[in-house]
Amino acid sequence: MFRSKLFIKILIIFAIPVLAILGYNSYTYYENSKVVDEVEEYRKNITFLMNVNNLYNSLEDEKNFILNIDNKNEDDIFEKTNKAFLNFKNLANELSLKNSLEKLDINLENIEKIRTKFHNKQIDTNSLSKVEKVYQDEKERVLNSFFIAKQFRFTNNFYLDISKIISYLNKEDNLAYTKTTISKLIELAQNEFAVYEKEAYLKRASSLIFLIISILTLISILFILQNILEKEENNFNKIKNYKEIYEILSKTNKFLTKTYDEKSLYQNICEILAQNENLKFAFIYDNQNKNIFANSITLKEKILSQMEQYKDENHDNLVSKTIKWQSNIVINSFEDKNLSVFYDESKKLNINSMATFPIKKFKEIDGVLIVYSKVKNFFDKEIEGLFEKLVGDITHCLEKIKYENERINTEDELRLSSYSFDVAEPMIITDTKGNIVKVNQSFCSIMGYEKDEVLGKNPRMFKTAHQDIKFIENMWNNIRIDGFWTGELYNKKANDEIIPLKATINAIKNSQDKTTHYLGQYFDIGKIKDKEKILEYQATHDNLTALPNRLLLVDRIEHAIKKAIRHKIIGGLIFIDLDNFKEVNDKYGHDIGDILLISVAKKMQECLRDEDTVSRVGGDEFVILLDNVGNTKDDARRNIIYLAKKIQDALNGIKQIDGHENIATASIGITLFSDDSVSIKDLIKQADTAMYEAKRLGKNTIEIF
């Protein structure tokens, strides 16, 4: 906090002495307040003396009444004594004199007994002396309590025999003198208290005044010091802010001198600005391409929602006003209503000031830089000037990039013109980013596009699922290393039709041997591929039933075994041989036998899942591959037997073949696998063995290996 040595010196010179005076006055006020508290206690002691006097007089009056010396009302005289005694006890408790009173044993119990006898008319002439003795004793104890008050505690310091004084004052003959003495003592105490009270309150008032003066003096000094500190802080922060903005300018200048990429220019500027701790957020509105560049994805979403309004120069917002007026707009406080999109959320986002700066390119507005700061009044004239210099450097860089691009484009056009496109062979040329810059009519015709639909686009628009990421990576690695690539591609035409192409891609380099473009040449190999597909299908499928043959079955069993090992599941094979198939051929002819085989193939496919394989491996022999029938042996065994019975029931359901009675049934053998411990050949053999066991047991049965 204390950034200035001057501040510390001023604090030592002025604040510390004032603090010392403040401490002394606080202590004086505290002591005088204690004296005032004693005054209040003194006041209660005087009241106590008066209560003692009242109680003493009440006891004297009550004695005279009982001895028939006084003719006052009975209830009034007793009530007066009781009330005086109650006040006497309560005030004694307040003054913490309870223990002293207990020693004096003032309780009116003996008085109550006399009152009871008086009510019962039990007091006679003989007992009057005893009554008088009781009242005299009680009055003596009350007089004793008179001298335990604070005003008379000093008497103990002089070793006075209070008991003799009390005995003298309590004598009947001295009653008038006693009352006068007590009254004088009370009056003396009251006079002394009046002087003491006045002095105590006067001292406390004067000490309070000095205390308040000390506090006000300290507050004034601290206020002055605070102003000095704030000015020092403001000056320090300004210098710090200027230094940090200069550092940003230095970073951007280094970046601007090296960059020739206009698209990354704005994004990098926003990221550099984000490194300043006083700046909350910065974005650039690209007026040419109608795009937003920002350093914060979260806040960028809010900006993007205003895109349509930024495009309209007549709309009432800060970006459109900056473009329209072609000048800076500075808002140094968000307390007043303004046009910022973040105005309503400024407190939540800790945004306190902002500024907009138009970015020009050849005197035309190319974009707008908008900067938000956490600091109120951040954009003073000096900071605004520094940002104007930054914008000027950006303008210079944009113009430099445009000059360079025009030069490169001119060279590219001359170089690309050397490649003849007026040929029947489909050709395209892309830049280093993969965007198509030239295309001939032959390519457009074969792909079903117009030139305008292709230019500026990336060849990824023709991509199909046949080319995965690994394929693309290998292709570009070859081009980067060897300068060319040759291979087959499957591209998607404008009508979504897939077309196979033989492609050759060559890198086009400039005089510095740097790749600037890529040339793609294509040849339609669709007819060749169609013939290859037919031959491949014939080699892997049965001609009669169109089911996979033994060759394709073996390949799929191999994949199923790998899947079983990887996922820890159990697969299975079902071997099916038709019973009495020879008799069907002999009795009805081979045509009917073929119809039966086709029906059997169809029935089995209806019973299975799409991922299961039904294959024909011989004349009337079929093998079904199930790559997942369970996770445990018991589940797999139960599931595959259930499926085999389902297939058996389906085949037994073929009652007629083209109007002829079907006499063929199915013998079924089953085997399971979960790893590659048994070869594919032996797996098929196991299922075949189980099937022959089923035939031996009477045909049309199911056996598991």
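Mentor: Let us begin with strand pairing, where two strands pair if DSSP finds at least two bridges between them. Here β6 and β10 are antiparallel partners joined by five bridges, and Ile-429 stands opposite Leu-519 in β10. Helices (H or I, at least four residues) and strands (E, at least two) are DSSP runs, numbered from the N terminus. This is a predicted model, in which local features need pLDDT of at least 70 and side-chain atom pairs count only at pLDDT 80 or more, while totals for chains, interfaces and linings use all residues. Residues are numbered from 1 along each chain as its sequence is written, and side-chain values use heavy atoms, with hydrogens and water left out.

Trainee: Which strand is joined to β10 by nine bridges?

Mentor: That strand is β9 (residues 498-509), which runs antiparallel to β10. Tyr-518 in β10 is the bridge partner of Ala-507. Five residues lie between the strands of this hairpin, where Asp-513 has a positive phi near 65°.

Trainee: How should I read burial, and is Lys-493 buried or exposed?

Mentor: Buried means under 20% relative accessible area, exposed over 50%, and partly exposed in between (1.4 Å probe, protein chains only). Lys-493 is placed in the loop between β8 and β9. This lysine counts as buried because its relative accessible area is 18%. Contact means heavy atoms within 4.5 Å. Leaving aside neighbours within four places in sequence, Lys-493 is in contact with Ile-446, Met-447, Tyr-449 and Ile-499. By contrast, Glu-488, in strand β8, is partly exposed because its relative accessible area is 35%.

Trainee: What is a pocket, and which residues lie nearest the centre of the second largest pocket?

Mentor: On a 1 Å grid over the protein atoms alone, a pocket is an open set of points where a 1.4 Å probe fits, with protein on both sides within 12 Å along at least five of seven lines; lining residues have an atom within 4 Å of a point. Grid points are joined across faces, edges and corners, and a volume is the space filled by probe spheres set on the points. The second largest pocket has a volume of about 500 Å³. Its lining has 24 residues, of which Asn-458, Pro-459, Arg-460, Met-475 and Trp-476 lie nearest the centre. At least two lining residues come from each of β6 (427-431), α16 (469-482), β8 (484-492) and β10 (515-524).

Trainee: How does one read the span of a helix, and what is the case for α22?

Mentor: The expected span is 1.5 Å times one less than the number of residues. Helix α22 (residues 680-696) has 17 residues and reaches 25 Å from its first C-alpha to its last, close to the 24 Å expected. Its buried residues include Ile-680, Leu-683 and Ile-684. Among the elements covering the buried residues of α22 are α18 (550-567) and β11 (570-579). Just after α22, Gly-698 takes a positive phi of about 125°.
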